[in-house]
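This report goes through one protein model for a reader who has not seen it before.

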Amino acid sequence: VKKNMGKIERKERRAESAKNKYDDEEVEKPKSRKLNWKALTFLILIVLPGVVGAIFNLVEFFGYGKTTPTTFPKKPSSSSTQFRQQLTEFYKQYNPAKIDEVDTLLKKYKGREKELFETLKRKYDVED
């Protein structure tokens, strides 16, 4: 038991002497660092335009902020009405059984109506 007590006392004395050694010295406090406003301003001016551009590209890519309402059905334009009439007339003449599919085909080929008519003309061997 005395041996263990001696070890403990020695450890305590070492710890105390180490504590006393640093108490006498003045420890320097770290100096407060000031912001380098020039570097920060330069960084913002260089990085900010790229970040803003990337955000605008993402917004445009995902379609947020569209100005046209998508919840209301659009009134058919004169060109879509014209294509519907032409397609109906075409099917009346060349394949009357397909007249019921006119609206489906126009939705499928929206914006590519001329391509649709070219395909149909080739399919039914129709000359202009």
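## Charges and confidence

K7 belongs to helix α1. The model is predicted, and helix α1 has the lowest mean pLDDT among the elements of the protein.

| Helix | Residues | Mean pLDDT |
|---|---|---|
| α1 | 2-24 | 64 |
| α4 | 102-108 | 91 |

For the protein, the mean pLDDT is 77, with 70% of its residues at 70 or more. Over residues 69-76, pLDDT stays under 50. For this stretch the model has one contact beyond four places in sequence.

Side chains of opposite charge can pair when their charged atoms come close. In the whole structure, four salt bridges are found. One of them joins R84 and D103, whose closest N and O atoms are 2.7 Å apart. R84 lies in helix α3 (residues 78-94) and D103 in helix α4, so this pair ties together parts that are 19 residues apart in sequence.

Technical notes. Residues are numbered from 1 along each chain as its sequence is written. This is a predicted model: local features need pLDDT of at least 70, side-chain atom pairs count only at pLDDT 80 or more; totals for chains, interfaces and linings use all residues. Side-chain values use heavy atoms; hydrogens and water are left out. pLDDT is the predictor's confidence in each residue, from 0 to 100. Helices (H or I, at least four residues) and strands (E, at least two) are DSSP runs, numbered from the N terminus. Contact means heavy atoms within 4.5 Å. A salt bridge is a side-chain nitrogen of Lys or Arg within 4 Å of a carboxyl oxygen of Asp or Glu.
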